[in-house]
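Here are my notes on the chain you sent. They are numbered so that you can check each point against the model.

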Amino acid sequence: LAQQYRAYVLTKKYNPANNTGRVPVVLVGANDGMVHAFDARDTVHATDLGAGYLPGKELFAYVPRGVYANLASLSSATYNASHKYFVDGQIVEGDVHFGGAGSWRTMAVGSTGAGAKNLFALDITDPKAFNGSKVLWDITDAEESDLGHVLGTGIIGSVRDQNAPNTNGRWLFITGNGYQSANNRAVLLMFDAQTGTIFKKMDTLVGSAGTPNGLGPVTPVYDGSRNIV
(Lines give C-alpha, C1' and ligand atoms only; values in the text may rest on other atoms or scores of the structure.)
Protein backbone atom coordinates (compact mmCIF):
# COMPACT_ATOMS: atom_id res chain seq x y z
CA LEU A 1 0.00 0.00 0.00
CA ALA A 2 1.15 3.55 -0.59
CA GLN A 3 2.70 5.13 2.49
CA GLN A 4 -0.10 7.65 2.99
CA TYR A 5 -2.50 4.73 3.51
CA ARG A 6 -0.22 2.82 5.84
CA ALA A 7 -2.25 0.26 7.78
CA TYR A 8 -1.94 -0.50 11.46
CA VAL A 9 -3.57 -2.36 14.32
CA LEU A 10 -6.30 -0.51 16.20
CA THR A 11 -5.62 0.30 19.85
CA LYS A 12 -8.92 -1.34 20.81
CA LYS A 13 -8.03 -4.96 21.51
CA TYR A 14 -10.00 -8.00 20.48
CA ASN A 15 -11.82 -9.66 23.38
CA PRO A 16 -11.52 -13.48 23.28
CA ALA A 17 -14.83 -13.67 25.16
CA ASN A 18 -16.49 -12.90 21.83
CA ASN A 19 -15.82 -16.52 20.90
CA THR A 20 -17.67 -17.96 23.88
CA GLY A 21 -20.17 -20.56 22.73
CA ARG A 22 -19.62 -19.82 19.06
CA VAL A 23 -20.12 -22.69 16.64
CA PRO A 24 -17.10 -23.20 14.34
CA VAL A 25 -18.13 -23.33 10.70
CA VAL A 26 -16.78 -24.39 7.33
CA LEU A 27 -17.70 -21.98 4.51
CA VAL A 28 -17.63 -23.20 0.93
CA GLY A 29 -18.91 -21.91 -2.39
CA ALA A 30 -20.63 -24.34 -4.72
CA ASN A 31 -21.83 -24.63 -8.29
CA ASP A 32 -25.43 -24.73 -7.09
CA GLY A 33 -25.21 -20.93 -6.80
CA MET A 34 -24.80 -20.81 -3.01
CA VAL A 35 -22.28 -20.28 -0.25
CA HIS A 36 -22.85 -22.99 2.34
CA ALA A 37 -21.97 -22.86 6.06
CA PHE A 38 -21.58 -26.21 7.81
CA ASP A 39 -21.23 -27.00 11.52
CA ALA A 40 -17.55 -27.93 11.84
CA ARG A 41 -17.81 -29.65 15.24
CA ASP A 42 -17.25 -33.39 15.58
CA THR A 43 -19.47 -33.41 18.65
CA VAL A 44 -22.38 -31.19 19.67
CA HIS A 45 -22.35 -29.16 22.87
CA ALA A 46 -24.99 -30.03 25.46
CA THR A 47 -26.71 -26.67 24.98
CA ASP A 48 -27.39 -27.56 21.34
CA LEU A 49 -28.72 -31.06 21.92
CA GLY A 50 -32.32 -31.36 20.80
CA ALA A 51 -32.04 -28.19 18.73
CA GLY A 52 -31.19 -30.00 15.52
CA TYR A 53 -27.48 -29.17 15.53
CA LEU A 54 -25.37 -32.10 14.37
CA PRO A 55 -21.76 -32.44 13.22
CA GLY A 56 -21.69 -31.38 9.59
CA LYS A 57 -25.19 -29.88 9.66
CA GLU A 58 -25.76 -27.00 7.26
CA LEU A 59 -26.35 -23.85 9.30
CA PHE A 60 -27.22 -21.54 6.41
CA ALA A 61 -26.76 -20.94 2.69
CA TYR A 62 -26.50 -17.64 0.84
CA VAL A 63 -27.08 -16.86 -2.85
CA PRO A 64 -24.99 -13.88 -4.05
CA ARG A 65 -26.84 -11.36 -6.23
CA GLY A 66 -24.60 -11.88 -9.22
CA VAL A 67 -25.73 -15.47 -9.77
CA TYR A 68 -29.49 -14.81 -9.83
CA ALA A 69 -29.68 -14.53 -13.61
CA ASN A 70 -28.07 -17.94 -14.16
CA LEU A 71 -29.90 -20.01 -11.51
CA ALA A 72 -32.56 -21.19 -13.95
CA SER A 73 -29.91 -22.86 -16.13
CA LEU A 74 -29.22 -25.41 -13.36
CA SER A 75 -32.51 -27.14 -14.14
CA SER A 76 -31.83 -27.34 -17.87
CA ALA A 77 -31.71 -30.84 -19.35
CA THR A 78 -28.77 -29.70 -21.49
CA TYR A 79 -26.83 -27.97 -18.70
CA ASN A 80 -23.76 -30.15 -19.25
CA ALA A 81 -23.43 -28.75 -22.76
CA SER A 82 -23.29 -25.17 -21.49
CA HIS A 83 -21.66 -25.23 -18.06
CA LYS A 84 -21.72 -21.97 -16.08
CA TYR A 85 -19.65 -20.92 -13.10
CA PHE A 86 -21.55 -19.82 -10.01
CA VAL A 87 -19.87 -19.28 -6.61
CA ASP A 88 -16.37 -20.04 -7.81
CA GLY A 89 -14.16 -17.59 -5.87
CA GLN A 90 -12.19 -17.53 -2.65
CA ILE A 91 -13.60 -16.74 0.81
CA VAL A 92 -11.64 -14.93 3.54
CA GLU A 93 -12.74 -14.31 7.12
CA GLY A 94 -11.52 -11.92 9.79
CA ASP A 95 -12.43 -10.03 12.94
CA VAL A 96 -13.33 -6.35 12.57
CA HIS A 97 -14.43 -3.53 14.88
CA PHE A 98 -17.23 -1.25 13.72
CA GLY A 99 -17.08 1.18 16.66
CA GLY A 100 -18.85 1.27 20.03
CA ALA A 101 -19.02 -1.24 22.85
CA GLY A 102 -19.43 -4.86 21.83
CA SER A 103 -18.77 -4.06 18.19
CA TRP A 104 -16.19 -6.72 17.44
CA ARG A 105 -17.64 -8.81 14.62
CA THR A 106 -16.46 -11.69 12.49
CA MET A 107 -17.04 -11.25 8.78
CA ALA A 108 -16.51 -13.38 5.70
CA VAL A 109 -15.93 -11.85 2.27
CA GLY A 110 -16.19 -13.94 -0.87
CA SER A 111 -16.38 -13.62 -4.63
CA THR A 112 -18.09 -15.50 -7.41
CA GLY A 113 -14.75 -15.88 -9.19
CA ALA A 114 -15.09 -17.04 -12.78
CA GLY A 115 -18.86 -16.65 -12.52
CA ALA A 116 -20.37 -13.20 -12.11
CA LYS A 117 -18.32 -10.10 -11.26
CA ASN A 118 -19.50 -10.04 -7.67
CA LEU A 119 -18.16 -9.54 -4.12
CA PHE A 120 -20.21 -10.14 -0.97
CA ALA A 121 -19.66 -9.76 2.78
CA LEU A 122 -21.47 -11.67 5.53
CA ASP A 123 -21.55 -11.15 9.30
CA ILE A 124 -20.88 -14.64 10.68
CA THR A 125 -20.34 -13.63 14.32
CA ASP A 126 -23.22 -15.93 15.30
CA PRO A 127 -23.57 -18.46 12.47
CA LYS A 128 -26.53 -20.15 14.18
CA ALA A 129 -28.53 -16.92 13.93
CA PHE A 130 -27.68 -15.97 10.36
CA ASN A 131 -30.46 -14.20 8.44
CA GLY A 132 -30.90 -11.51 5.79
CA SER A 133 -29.87 -8.74 8.17
CA LYS A 134 -26.40 -10.32 8.44
CA VAL A 135 -25.60 -9.60 4.79
CA LEU A 136 -23.31 -6.59 5.14
CA TRP A 137 -23.04 -5.86 1.42
CA ASP A 138 -23.26 -7.51 -1.98
CA ILE A 139 -21.69 -5.65 -4.92
CA THR A 140 -21.63 -6.45 -8.63
CA ASP A 141 -20.02 -4.68 -11.56
CA ALA A 142 -23.29 -2.77 -12.01
CA GLU A 143 -22.34 -0.77 -8.90
CA GLU A 144 -18.54 -0.81 -9.32
CA SER A 145 -17.44 -0.68 -12.96
CA ASP A 146 -13.79 -1.49 -12.14
CA LEU A 147 -14.82 -4.83 -10.63
CA GLY A 148 -13.88 -7.83 -12.74
CA HIS A 149 -13.63 -11.55 -12.07
CA VAL A 150 -11.91 -11.69 -8.67
CA LEU A 151 -10.20 -15.07 -8.47
CA GLY A 152 -7.84 -14.58 -5.53
CA THR A 153 -8.22 -14.01 -1.80
CA GLY A 154 -8.56 -10.43 -0.55
CA ILE A 155 -7.39 -8.88 2.71
CA ILE A 156 -9.41 -7.77 5.73
CA GLY A 157 -7.52 -5.15 7.74
CA SER A 158 -7.41 -1.63 9.17
CA VAL A 159 -5.90 1.52 7.67
CA ARG A 160 -5.29 4.90 9.29
CA ASP A 161 -8.10 7.35 8.57
CA GLN A 162 -8.69 10.40 10.76
CA ASN A 163 -12.21 10.69 9.34
CA ALA A 164 -13.21 7.25 10.60
CA PRO A 165 -15.91 7.09 13.32
CA ASN A 166 -13.36 6.07 15.97
CA THR A 167 -10.78 8.65 14.67
CA ASN A 168 -8.12 5.93 14.70
CA GLY A 169 -8.65 3.70 11.74
CA ARG A 170 -11.08 2.17 9.31
CA TRP A 171 -11.59 -1.51 8.65
CA LEU A 172 -11.35 -2.37 4.97
CA PHE A 173 -11.55 -5.23 2.53
CA ILE A 174 -8.69 -4.81 0.04
CA THR A 175 -8.47 -6.71 -3.24
CA GLY A 176 -7.23 -6.55 -6.78
CA ASN A 177 -10.10 -5.79 -9.12
CA GLY A 178 -9.69 -9.05 -11.03
CA TYR A 179 -9.97 -9.63 -14.74
CA GLN A 180 -12.19 -8.50 -17.63
CA SER A 181 -13.51 -5.40 -15.91
CA ALA A 182 -15.41 -2.88 -18.03
CA ASN A 183 -12.38 -0.56 -18.15
CA ASN A 184 -9.86 -3.41 -18.69
CA ARG A 185 -7.40 -1.79 -16.28
CA ALA A 186 -5.56 -3.07 -13.21
CA VAL A 187 -7.04 -1.38 -10.12
CA LEU A 188 -6.58 -1.88 -6.38
CA LEU A 189 -9.97 -1.65 -4.65
CA MET A 190 -10.44 -0.74 -0.98
CA PHE A 191 -13.95 -1.25 0.36
CA ASP A 192 -15.26 -0.10 3.74
CA ALA A 193 -15.65 -3.45 5.52
CA GLN A 194 -18.96 -2.54 7.14
CA THR A 195 -20.78 -0.80 4.29
CA GLY A 196 -19.07 -1.93 1.09
CA THR A 197 -18.63 1.65 -0.10
CA ILE A 198 -15.37 2.45 -1.87
CA PHE A 199 -12.85 4.01 0.51
CA LYS A 200 -10.07 4.36 -2.05
CA LYS A 201 -9.15 3.13 -5.51
CA MET A 202 -5.62 2.96 -6.87
CA ASP A 203 -5.82 2.81 -10.65
CA THR A 204 -2.54 1.74 -12.23
CA LEU A 205 -3.79 3.10 -15.59
CA VAL A 206 -2.37 -0.08 -17.11
CA GLY A 207 -4.68 -1.78 -19.58
CA SER A 208 -7.11 -0.88 -22.34
CA ALA A 209 -9.67 -2.48 -24.63
CA GLY A 210 -6.86 -3.41 -27.02
CA THR A 211 -4.50 -4.67 -24.32
CA PRO A 212 -6.73 -5.66 -21.39
CA ASN A 213 -5.27 -5.98 -17.92
CA GLY A 214 -6.45 -6.67 -14.39
CA LEU A 215 -5.06 -6.90 -10.86
CA GLY A 216 -4.85 -10.32 -9.25
CA PRO A 217 -4.34 -11.20 -5.57
CA VAL A 218 -2.34 -8.71 -3.52
CA THR A 219 0.10 -9.76 -0.81
CA PRO A 220 0.37 -7.60 2.32
CA VAL A 221 3.71 -6.91 4.00
CA TYR A 222 3.53 -6.92 7.80
CA ASP A 223 5.80 -5.35 10.40
CA GLY A 224 6.67 -6.92 13.75
CA SER A 225 3.32 -5.87 15.23
CA ARG A 226 1.35 -7.45 12.39
CA ASN A 227 0.63 -4.10 10.78
CA ILE A 228 0.27 -3.92 7.01
CA VAL A 229 2.94 -1.57 5.69
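**Notes on the predicted model**

1. Start with R65. At 34% relative accessibility, R65 counts as partly exposed. The model is predicted, so read each value here as computed from it. R65 forms a salt bridge with E143, and their closest N and O atoms are 3.1 Å apart. R65 lies in the loop between β3 and β4 and E143 in the loop between β7 and β8 (155–160), so the pair ties together parts that are 78 residues apart in sequence. E143 is partly exposed as well, with a relative accessible area of 46%.

2. How many salt bridges does the structure hold? The count is six. Side chains of opposite charge can pair when their charged atoms come close.

3. K201 forms a salt bridge with D146, with 2.8 Å between the closest N and O atoms. This pair links distant parts of the chain: K201 is in strand β11 (residues 198–203), D146 is in the loop between β7 and β8, and they are 55 residues apart. Is D146 buried or exposed? D146 is buried, at 5% relative accessible area. K201 is partly exposed, at 36%. E144 also belongs here: E144, D146 and K201 are linked in a network of salt bridges.

4. D203 forms a salt bridge with R185, the closest N and O atoms being 2.7 Å apart. D203 is in strand β11 and R185 in the loop between β9 and β10, 18 residues apart. D203 is partly exposed, with a relative accessible area of 31%. R185 is partly exposed too, at 24%.

5. Now the overall build. The chain has zero helices and 11 strands. Of its 229 residues, 42% count as buried. Take contacts between residues at least 6 apart in sequence: 52% of them join residues at least 24 apart. The accessible surface comes to about 11600 Å², and carbon and sulfur atoms account for 52% of that.

6. The largest nonpolar core has 19 residues. Those with the most contacts inside this core include M107, V109, L119 and W137. Strands β4, β5 (104–111), β6 (118–123), β7 (135–140), β9 (169–176) and β10 (187–192) each give two or more residues to this core. A second, separate core of 17 residues includes V35, A37, Y53 and F86.

7. W137 deserves a look of its own. Beyond its neighbours within four places in sequence, the contacts of W137 include M107, F120, F173, F191 and G196.

8. Last, the surface. Y68, L71 and L74 make a nonpolar patch of about 260 Å². Y68 lies in the loop between β3 (58–62) and β4 (91–97).

How values were computed. Residues numbered from 1 in each chain as written. Predicted model: local features only at pLDDT ≥ 70, side-chain atom pairs only at ≥ 80, totals over all residues. Heavy atoms only, no water. Patch = residues over 30% accessible without salt bridge, like charges linked within 9 Å, V, L, I, M, F, W, Y side chains within 5 Å. Areas by Shrake-Rupley, 256 points an atom, 1.4 Å probe, with all protein chains shown as cover. Salt bridge = Lys/Arg side-chain N within 4 Å of Asp/Glu carboxyl O. Helix = DSSP H or I, 4+ residues; strand = E, 2+ residues; numbered from the N terminus. Buried < 20%, exposed > 50% of the residue type's maximum accessible area, 1.4 Å probe, protein only. Contact = heavy atoms within 4.5 Å. Core = buried A, V, L, I, M, F, W, Y, C linked by side-chain atoms within 4.5 Å.
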